[in-house]
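Morning, everyone. I'll take a few minutes on today's structure. Have a look at it first, then we'll go through the metals and the ligand.

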Amino acid sequence: MQVAFHGSNALSSDTHLLAVAVSEGSSALDGPLAPLDAHLGGAVARLMDAGDLKGRAEDETVLYATGGGPRRIALLGVGKASEFDAERVRRFAARAVRVAERLGVASLAIHLDGFGAIEGSVLAQAGVEGAVLAAWRFTELKRPPEEERAEVGEVRFFADGETASLADGVRVGEIVARSQNLARTLQSRPGNVATPSHLAEEARRVAADCGLGITVFDEARLLQEGMHAILAVSRGSDEEARFIVLEHKGGREGEAPLVLVGKGLTFDAGGISIKPAPGMEDMKFDMSGGAAVIASMQAVAELGVMANVVGIVPSSENLLNGKAVKPGDVIRTLAGKTVEVINTDAEGRLILADALAWGARLKPAAMVDCATLTGAVVIGLGRHAAAVMSNDDALTEELRAAGERSGERCWPLPLWPEYAKQLESETADLMNVGGREGGSITAACFLQEFVGETPWAHLDIAGTAYGDGKLPYQRKGGYGFPVRLLVDWVRSRAG
Ligand code: BES
Ligand code: MN
Ligand code: ZN
């Protein structure tokens with residue numbers, strides 16, 4: 001999709017559709033609405049007088065102009081000015097794209113005025129993110145519909161303010177949202193397409209396109225390195241595991257890197273501890289963390305972030321055959337710790353154990369992993385926030401703040417030693433499960449065993465990585481969560 005900043009004069013734009021924000025309690029004579037009302041021969045005032053346009057967050061009206069300039073004007077309610085933030089802008093721009101889709105309009109204009117004091121680059125970035133995310137679809141595997149509707153292919157953005165910061169926001173928003181859409185595409189591909197070797201090939205393509213370093217280990221190499229936890233998960237599958245490392249060198253030579261780790265489990269049947277059939281198809285999304293890390297690395301490279309950043313994606317299937325790892329088996333991890341596998345469905349923490357141990361060897365300034373790790377987090381926090389669990393309170397706060405800014409929120413859970421005790425094993429250094437109680441926390445405690453002294457945080461994204469598509473910029477399926485959060489955090493670290 002094409003996006004560009006076109007200045008402040010939206011009403012001179014020769015477009016089929018212009019979307020304008022209307023806040024609650026505004027009048028037809030207010031700032032951006034006044035010239036619009038004049039353009040529409042007083043129709044905005046008439047609507048408001050009739051009480052049919054109040055600016056509530058769900059209000060939506062399309063008006064038709066005579067003469068030059070925009071042919072259609074979509075007036076979209078955006079609620080109370082006191083509640084304005086970047087997320088409100090993101091949803092507004094996404095709704096504009098949804099209106100265009102419904103009307104079969106392929107190119108539209110979005111007026112970003114009316115959001116008060118939001119800073120220009122933040123405003124433009126959020127607007128572009130909303131529009132680019134909303135326009136994305138996954139069409140690779142489906143016959144096109146009989147009567148082809150125009151897809152939204154171009155959005156022109158208008159806003160008052162400093163051109164340089166608005167244009168920069170457009171640039172950043174486009175890169176971030178296009179990268180998040182890459183994550184969504186990878187998530188959407190079913191398990192028979194998006195295998196571990198497929199993810200590795202996609203990572204190679206991204207690396208070649210945007211100048212990242214890349215290393216991919218196959219199973220022979222994993223064995224040499226001693227990554228027996230990944231190999232144990234992969235044993236029950238005919239598809240070979242892969243260990244993917246992407247590198248962005250935007251910082252000083254020798255500067256400690258930021259390390260991102262993503263669970264790339266391309267299909268989770270549970271292994272010998274097999275999952276029940278209903279809903280198992282969703283377990284193609286168990287590589288959401290890995291997809292987000294590959295996509296975030298693309299964004300970091302394209303943005304030219306001035307930091308050294310490493311992305312690590314351990315990728316495997318979790319199936320079952322005569323060789324599969326069994327409950328009771330004990331495996332030796334890369335870090336040297338032994339693990340008694342009580343439940344083969346707690347496989348994410350096993351592949352992450354080796355990946356985190358590998359990451360810790362890089363002596364990171366900070367390491368953040370994201371993983372669809374536990375069903376328990378969906379019970380605990382629902383679908384509106386990921387859980388963040390960390391050995392470093394400052395890092396927790398950085399991620400929480402990045403989540404707030406990016407509209408991909410996370411909320412802390414504690415890692416007290418009492419929880420870690422639930423993982424004590426009779427026969428090995430630890431068990432891979434700690435019982436039902438506090439399931440998301442004990443999973444994070446397990447991961448913590450493999451990070452050493454590294455400042456580290458774990459994001460459990462099982463409730464936020466995919467879903468029914470309730471927000472205007474989402475669709476049913478993968479959301480690309482937490483690409484916006486990770487990229488925001490990395491940029492905030494790079495200064
Ligand atoms: N991939 C699942 C977690 C998951 C559940 C993701 C629901 C998305 C939606 C993970 O590998 C898993 O199976 N976790 C188990 C852990 C349990 C065996 C301790 C779970 O949450 O049930
Ligand atoms: Mn599992
Ligand atoms: Zn899993």
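One definition before we start: a donor here is an N, O or S atom within 2.8 Å of the metal, and water is not among the atoms, so a site may look incomplete. Keep in mind too that this is a predicted model.

Zinc first. Which residues supply the protein donors of the zinc ion, ligand 3? They are Lys263 through NZ, Asp268 and Asp286 through OD, and Glu347 through OE. Their distances from the zinc ion run from 2.0 to 2.4 Å. Along the sequence, the spacing of these donor residues reads K-x4-D-x17-D-x60-E.

Now the geometry. Why is the zinc ion's arrangement octahedral? Because its 6 donor atoms subtend angles of 78 to 177°. For six donors, that label needs opposite donors over 155 degrees apart and all others between 65 and 115. The ideal values for six octahedral donors are 90 or 180 degrees.

On to manganese, ligand 2. Its protein donors are Asp268 through OD, Asp345 through both O and OD, and Glu347 through OE. They lie 2.0 to 2.2 Å from the manganese ion. The sequence spacing here is D-x76-D-x1-E. This site also has 6 donor atoms, but with angles of 69 to 167° it is irregular.

How far apart are the zinc ion and the manganese ion? The answer is 3.2 Å, and Asp268 coordinates both.

Glu347 has 1% relative accessibility, so it counts as buried. Asp345 comes out at 21%, so it is partly exposed. The cut-off for buried is under 20%.

Last, ligand 1. There are 16 residues around ligand 1, and Lys275, Asp286, Asp345, Glu347 and Gly375 come nearest.

Now the polar contacts. The side chain of Lys275 puts an N or O atom 2.9 Å from an oxygen of ligand 1. On the backbone side, a polar atom of Thr372 is 3.3 Å from a ligand nitrogen. For Leu373, a backbone polar atom is 3.4 Å from a ligand nitrogen. Taken alone, ligand 1 exposes 510 Å², and the protein buries 77% of that.

And where does ligand 1 sit? In the largest pocket.

Note on methods:
Residues numbered from 1 in each chain as written. Chains lettered and ligands numbered in written order. Predicted model: local features only at pLDDT ≥ 70, side-chain atom pairs only at ≥ 80, totals over all residues. Heavy atoms only, no water. Tetrahedral: all angles 85-135°; square planar, octahedral: opposite > 155°, others 65-115°. Buried < 20%, exposed > 50% of the residue type's maximum accessible area, 1.4 Å probe, protein only. Near = heavy atom within 4 Å. Polar contact = N/O pair within 3.5 Å; in protein donor to acceptor, adjacent residues only side chain to side chain. Areas by Shrake-Rupley, 256 points an atom, 1.4 Å probe, with all protein chains shown as cover. 1 Å grid on protein atoms, 1.4 Å probe; cavity = no way out; pocket = protein on both sides within 12 Å on 5 of 7 lines; lining within 4 Å. Sits in = over half its atoms within 2 Å of the grid points.
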